[in-house]
Amino acid sequence: MDGPGGLVFLLLGTLMSLVESITPDLSASECLALGLNRDNLMCSSCDTLKEFNLEVLEPNCRHCCTVDDVNAVPSKYPRAQLEVQAFVKSDRPAAFPNLTIKYVRGADPVIKLMDEDGDVMETLAIDKWNTDSVEEFLNTYLLPPSDSSDRKFNEV
């Protein structure tokens, strides 16, 4: 990097790094235009891009992700409601007495996580999830029913 040209490239590179580091997060629509869903993208996922030779996506990923702590204990909820279009033909829902299933025509499937009073705390789109993923999620985020609870599996 001899001469003024090398110095210009060095200054330009430093300036670009500085601008990139202070650039605010992208909006949800900007992230979606990049093919990234801000609502579902965790920053720990950005760490794995290098494993697949996709490090070129990392800067945008970092601007669209939600900071997560992979060692954190997940929040657990006393109740959940699964909203689906089709009838569930399985005995798996019976394993979750504090889960209700609501059939909603024309809507994408979602899981609503609720507090003790039935107030919705979180809503998650699950249209790409398979049955095993839903079951694993419920095992992770749904509190086991209390012994005093006589609630049985409900269809709404």
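Some ground rules. Residues count from 1 along each chain as its sequence is written, and side-chain values use heavy atoms, with hydrogens and water left out. Since we are looking at a predicted model, local features need pLDDT of at least 70 and side-chain atom pairs count only at pLDDT 80 or more, while totals for chains, interfaces and linings use all residues.

Start with the fold. The chain holds five helices and five strands. Those are DSSP runs, numbered from the N terminus: helices are H or I with at least four residues, strands are E with at least two. The order from the N terminus is α-α-α-α-β-β-β-β-α-β. Of the 156 residues, 23% count as buried. Buried means under 20% relative accessible area, exposed means over 50%, and partly exposed is in between, with a 1.4 Å probe and protein chains only. Now contacts, meaning heavy atoms within 4.5 Å. Among contacts with a separation of 6 or more, 58% join residues 24 or more positions apart.

Next, the hairpin. Strand E3, residues 110-114, pairs with E4 in the antiparallel sense over five bridges. Two strands pair if DSSP finds at least two bridges between them. Take Lys112: its bridge partner in E4 is Thr123. Five residues sit between the strands of this hairpin, and Gly118 takes a positive phi near 85°.

How is a pocket defined here? On a 1 Å grid over the protein atoms alone, it is an open set of points where a 1.4 Å probe fits, with protein on both sides within 12 Å along at least five of seven lines; lining residues have an atom within 4 Å of a point. Volume is the space filled by probe spheres set on the points, which are joined across faces, edges and corners.

The largest pocket has a volume of about 600 Å³. It is lined by 21 residues, and the closest to its centre are Asn40, Met42, Leu124, Phe137 and Tyr141. Which element gives the most to this lining? E4 does, with three residues. Helix H5 (131-141) also supplies at least two. By class, the lining has 11 nonpolar, four polar and six charged residues. Nonpolar covers Ala, Val, Leu, Ile, Met, Phe, Trp, Tyr, Cys and Pro; charged covers Asp, Glu, Lys and Arg; the others, Gly among them, are polar.

The second largest pocket comes in at about 360 Å³. It has 21 lining residues, and Leu82, Val84, Val88, Thr131 and Val134 are the closest to its centre. H5 gives the most here, with four residues. E1 and E2 each supply at least two. The classes are 14 nonpolar, three polar and four charged.

Asn98 lies in the loop between strand E1 (79-84) and strand E2 (99-103). Is Asn98 buried or exposed? Buried, because its relative accessibility is 6%. A polar atom of the Asn98 side chain lies 2.8 Å from the backbone oxygen of Pro78.

Now Ala28, in helix H2, residues 28-33. Its relative accessible area is 45%, so Ala28 is partly exposed. Asp39 is 11 residues away along the chain, and the two C-alpha atoms are separated by 7.9 Å.

Note on methods: A polar contact is a pair of N or O atoms within 3.5 Å; within protein, one must be able to donate a hydrogen and the other to accept it, and residues adjacent in sequence count only if both atoms are side-chain atoms.
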